[in-house]
There are 2 protein chains.
Amino acid sequence: MTLSVKSEDSGVNMQLLKDRILKDGQVIGTGVVKVDSFLNHQIDVALIWEIGREFARRFHGLPVNKILTIEASGIAVACATAMHMGNLPVVFAKKAAPSTMIDGYFAAECTSFTKRTVSTVTVSQKYLTEADNLLIIDDFLAHGEAALALANLAKQAGATVSGIGAVIEKAFQGGSDKLRQEGYRVESLAVITSIQDDHITFR
Amino acid sequence: MTLSVKSEDSGVNMQLLKDRILKDGQVIGTGVVKVDSFLNHQIDVALIWEIGREFARRFHGLPVNKILTIEASGIAVACATAMHMGNLPVVFAKKAAPSTMIDGYFAAECTSFTKRTVSTVTVSQKYLTEADNLLIIDDFLAHGEAALALANLAKQAGATVSGIGAVIEKAFQGGSDKLRQEGYRVESLAVITSIQDDHITFR
């Protein structure tokens, strides 16, 4: 659980992830790559641990006190990152307000292009305040809708967002451009520039 | 990430968890204790890490090759347990079949007494097979419906279930009795025997 930062680690870690996407990712059509064998259905915890280490390295030195993510696939990556950043608390936004969430909560709309649905994501007002300086972590960054919804929740709480980290970015869907235009610092560990004819191209 | 097993750790770890439930758990009515400040909305990763260590200690020596859990609150605990058991893969069952789950999947019904709903939980057939020897891990064990649904998925796959672990058991709701009657080994880290008048009693 000790974080050792070596600058040369970065390339190695990202290569590990890209190799894994090429080896086990399943291309569907021209816009989707399914990585549910190691990231969002079955989880390779050793890989997730290295991903957490890499996020901690990239966001090192920022005054972050909390990690914000969204259920379900973001949780493992957010927890690994939190452990590498000195055991920060992780808050995961919920995709619906559960019946036991009796106190007030912040809510934001989130469009899923993959599932063609609009859902409401919520966080209890107890766990996001204006004293919070957040790092937003998620598995995928595509159109940026989930990250924008999380940033919206942070804004409602008056919290600061110091950075947004995604494991896999599909750059051709414009999410990171949108987030950077709004002033957010975005770090993606594997940036895919195109998915076509069963072929994945990284930046 | 090295697992050091000390028999005297057990009591300490469980006391840590029980103290936390008493300190931060919020009693609602006579059957519900909300622990969303450290377990299932905001996550204390240092505590989750110790919980994972304790599950690894309790299930040490079993021929487990995979951890099965259910989104969303089970994921962090399952990952910590998996890391303490030599980086086993974690598979989390989904509460709905996503549109990108194009291959076959196993499905089981699951009643939530808290939310008063019946949902379908699914796992891709790629990630559960008859070669698998599973440890089922979840945050809560109440009426046992989630654990039974996961065991049902395992049964459909022809997989073996070597054990079922829950962070918090509400013994008065009968889930562990039901699971043990069906022949499963159950380990719960904090067993609550009653919740009444804002008072939590542990076994």
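Which residue stands opposite Asn133(A) in β9(A)? The residue opposite Asn133(A) is Thr160(A). Please keep in mind that this is a predicted model, in which local features need pLDDT of at least 70, side-chain atom pairs count only at pLDDT 80 or more, and totals for chains, interfaces and linings use all residues. Residues are numbered from 1 along each chain as its sequence is written, while chains are lettered from A and ligands numbered from 1 in the order in which they are written.

**Chain A as a whole**

- Chain A has 5 helices and 11 strands; helices (H or I, at least four residues) and strands (E, at least two) are DSSP runs, numbered from the N terminus.
- Its C-alpha trace spans about 45 × 40 × 35 Å along the principal axes of chain A.
- Of the 203 residues in chain A, 47% count as buried. A residue is buried if 20 or more other C-beta atoms lie within 10 Å of its own, exposed if 12 or fewer, and partly exposed in between, with C-beta atoms placed from the backbone.
- Among contacts in chain A with a separation of 6 or more, 63% join residues 24 or more positions apart. Two residues are in contact if their C-beta atoms, placed from the backbone, lie within 7 Å.

**A sheet shared by both chains**

- An open sheet of 7 strands runs in the order β11(A)-β10(A)-β9(A)-β8(A)-β4(A)-β5(A)-β3(B), with mixed pairing. Two strands pair if DSSP finds at least two bridges between them.
- At the edges stand β11 (199–202) of chain A and β3 of chain B, each with a single partner strand, so one side of each has no neighbour in the sheet.
- Strands β8 (residues 133–141) and β9 (residues 160–170) of chain A run parallel and are joined by 8 bridges.
- Between the chains, β5 (residues 90–93) of chain A and β3(B) run antiparallel, joined by 2 bridges. Here Val91(A) has Gln42(B) as its bridge partner.

**How the two chains meet**

- The contact draws 32 residues from chain B and 31 residues from chain A. On the side of chain B that touches chain A, α3(B) gives the largest share, with 5 residues.
- By class, that side of chain B has 20 nonpolar, 7 polar and 5 charged residues. Ala, Val, Leu, Ile, Met, Phe, Trp, Tyr, Cys and Pro count as nonpolar, Asp, Glu, Lys and Arg as charged, and the others, Gly among them, as polar.
- The copies meet through the same surface, because 97% of the interface residues of chain B are also interface residues in chain A.

**Two close-ups**

- Helix α2 (residues 45–58) of chain B has 14 residues, which should span 20 Å at 1.5 Å a residue, and its end C-alpha atoms are 20 Å apart, in agreement. The expected span is 1.5 Å times one less than the number of residues.
- α2(B) is mostly covered, with 11 of its 14 residues buried, including Trp49(B) and Phe55(B).
- Thr114(A) lies in the loop between β6 (105–112) and β7 (117–124) of chain A. With 15 other C-beta atoms within 10 Å, Thr114(A) is partly exposed.
- Thr114(A) and Gly31(A) are 83 residues apart in sequence, yet 9.2 Å apart in space, C-alpha to C-alpha.
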